[in-house]
Amino acid sequence: MTLDELKQRLHDAGCSTANYHIGEPQGASDVYCLAKRNGRFHYFYTERGLDSPPEKIFDDEAEACQFFYEFVMNIRHNHLVGYYESVD
């Protein structure tokens with residue numbers, strides 16, 4: 001899996017980008033990120049424009065994407081599916 005495929009898979013799964021970011025943060029805050037830096041894939045947390053040191057660094061893009069996919073899929077995602085009238 002590539003970073004682009006990861007983005008699409010998470011989007012298709014209905015995951016909120018309020019919980020994660022793929023690529024350089026560029027304004028994203030209070031989220032876990034997966035970004036390619038110097039040819040390696042860094043998994044880290046960013047908050048208010050400050051990146052924490054990487055929690056994991058991967059040499060292999062597919063391995064990094066699989067790790068991040070599983071991580072994000074295990075985050076609780078609340079979904080609003082619609083408003084319904086109760087039958088009384």
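# Close-up views of a predicted model

**Figure 1. Glu 47 is partly exposed, with a relative accessible area of 34%.** Buried stands for under 20% relative accessible area, exposed for over 50%, and partly exposed for what lies in between, using a 1.4 Å probe and protein chains only. By these cut-offs Arg 48 counts as exposed, at 69% relative accessibility. The side chains of Glu 47 and Arg 48 meet in a salt bridge, with 3.7 Å from N to O. A salt bridge here is a side-chain nitrogen of Lys or Arg within 4 Å of a carboxyl oxygen of Asp or Glu. Before moving on, please note that this is a predicted model, in which local features need pLDDT of at least 70, side-chain atom pairs count only at pLDDT 80 or more, and totals for chains, interfaces and linings use all residues. Residues are numbered from 1 along each chain as its sequence is written, and side-chain values use heavy atoms, with hydrogens and water left out.

**Figure 2. The protein has 2 helices and 5 strands.** Following the sequence, the pattern reads α-β-β-β-β-β-α. Helices (H or I, at least four residues) and strands (E, at least two) are DSSP runs, numbered from the N terminus. Of the 88 residues, 28% count as buried. The protein exposes about 6,200 Å², and carbon and sulfur atoms supply 47% of that area. Accessible areas come from the Shrake-Rupley method with a 1.4 Å probe, and for residues only the protein chains shown count as cover. Contacts can also be sorted by sequence distance: among those between residues at least 6 apart, 35% join residues at least 24 apart. A contact means heavy atoms within 4.5 Å.

**Figure 3. Glu 24 and Arg 37 pair through their side chains in a salt bridge of 2.9 Å, N to O.** This pair links distant parts of the chain, 13 residues apart: Glu 24 sits in the loop between strand E1 (20-22) and strand E2 (31-37), while Arg 37 belongs to strand E2. Are these two residues buried, partly exposed or exposed? Glu 24 is partly exposed, with a relative accessible area of 33%, and Arg 37 is partly exposed as well, at 21%. In total, the structure holds 4 salt bridges.

**Figure 4. Asp 59 and Arg 40 meet in a salt bridge of 2.7 Å, N to O, between their side chains.** Asp 59 lies in the loop between strand E5 (56-58) and helix H2 (61-73), and Arg 40 lies in strand E3 (residues 40-47), so the pair ties together parts that are 19 residues apart in sequence. Asp 59 is exposed, with a relative accessible area of 58%. Arg 40, at 36%, is partly exposed.

**Figure 5. The largest nonpolar core has 15 residues.** A nonpolar core is a set of buried Ala, Val, Leu, Ile, Met, Phe, Trp, Tyr and Cys residues joined through side-chain atoms within 4.5 Å. Those with the most contacts inside this core are Leu 6, Leu 10, Tyr 20, Ile 22, Leu 34 and Phe 68. Helix H1 (3-12), E1, E3 and H2 each supply at least two of its residues, and H2 gives the most, with 5 residues. A second, separate core holds 5 residues, including Ala 28, Val 31, Cys 33 and Ala 35.

**Figure 6. Two cysteines, Cys 15 and Cys 65, count as buried.** Cys 15 has 10% relative accessibility, and Cys 65 has 0%. How many disulfides does the whole structure hold? A search finds 0 disulfides, where a disulfide is a pair of cysteine sulfur atoms within 2.5 Å.

**Figure 7. Asp 30 and Asn 38 have positive phi values although neither is a glycine.** Phi of Asp 30 is near 60 degrees. Asp 30 is found in the loop between E1 and E2, and is partly exposed at a relative accessible area of 40%. For Asn 38, phi is about 50 degrees. Asn 38 is in the loop between E2 and E3, and is exposed, with a relative accessible area of 81%.
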